[in-house]
Amino acid sequence: MIGKPMEQALNKHLKEEMYSFYLYLAMSAYLEGLNFKGMAAWMRVQAQEEYAHAMKFFDFLHARGGTVTLLALDQPQSEWASVLAAFKAAHGHERGITKKIHALADKATTEKDHATANFLQWFVKEQVEEEATVETIVKRLGAVGDSPGALYYLDHDLGKRGK
Ligand code: OFO
């Protein structure tokens, strides 16, 4: 049975993952509006991954005899200054999520909740990948600059995700 403070913290994080879903869906809509269909598809796949992350918390809470409480989501931003700005925001967001996961892992250790600490290790590893993947895209976009040809090539390349 999970302790109440941990249950509350995991419910709060479930919301963070759902917000990530919402944010990436908003970025997908923004990119779709700019006609960068490959990048929009990439963000849509990312949103689906975030939904799956949220559901891991949902399932874990139930498996531990906890209660799932769905908290209200904030409205995500809907426009960015550029494609690069959107991906930079995604990178910043992932860095923030990493910090939150680490704080949760610290809490589980302090509370000697070994099951939760073990559950969170998957996310610790996943965050390394999440940050690295978006950082690579930010770097590629930075290298592309204002070259339309290179930008459309990158769009096409990112559209391969999930196909
Ligand atoms: Fe769930 O990893 Fe991104 O936010």
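In which hand does α2 pass α5, left or right? The crossing of α2 with α5 is left-handed, a term for a near helix turned anticlockwise from the far one by less than a right angle, clockwise being right-handed. The model is predicted, so that local features need pLDDT of at least 70 and side-chain atom pairs count only at pLDDT 80 or more, while totals for chains, interfaces and linings use all residues. Residues are numbered from 1 along each chain as its sequence is written, and side-chain values use heavy atoms, with hydrogens and water left out.

Helices here are DSSP runs (H or I, at least four residues), numbered from the N terminus. The axes of α2 and α5 come within 6 Å and cross at roughly 35°; axes are lines fitted to C-alpha atoms over the stretch in contact, with angles from 0 to 180 degrees between N-to-C directions. From α2, Lys37, Gly38, Met39 and Trp42 meet Leu151, Asp155 and Leu158 of α5, where contact means heavy atoms within 4.5 Å. These residues comprise four nonpolar, one polar and two charged, with Ala, Val, Leu, Ile, Met, Phe, Trp, Tyr, Cys and Pro as nonpolar, Asp, Glu, Lys and Arg as charged, and the others, Gly among them, as polar.

The largest nonpolar core has 26 residues, and Leu31, Met39, Met43, Phe87 and Leu141 have the most contacts inside it. Such a core is a set of buried Ala, Val, Leu, Ile, Met, Phe, Trp, Tyr and Cys residues joined through side-chain atoms within 4.5 Å; buried means under 20% relative accessible area, exposed over 50%, and partly exposed in between (1.4 Å probe, protein chains only). Two or more residues each come from α1 (4-33), α2 (37-63), α3 (83-110), α4 (114-144) and α5 (148-158), and the largest share, seven residues, comes from α1. Apart from this core lies another, of 19 residues, including Phe57 and Ile101.

Aromatic rings form nine pairs; rings of Phe, Tyr and Trp (its six-membered ring) pair if their centres lie within 6.5 Å, and planes under 30 degrees apart count as stacked, over 60 as edge-to-face and the rest as tilted. Tyr30 and Trp80 are edge-to-face because their ring centres are 5.4 Å apart and their planes lie at 65°. Tyr30 belongs to helix α1 and Trp80 to the loop between α2 and α3, 50 residues apart. Tyr30 counts as buried at 11% relative accessibility, and Trp80 is buried at 9%. Phe60 and Phe119, with centres 4.1 Å apart and planes at 5°, are therefore stacked. This pair joins helix α2 to helix α4 across 59 residues.
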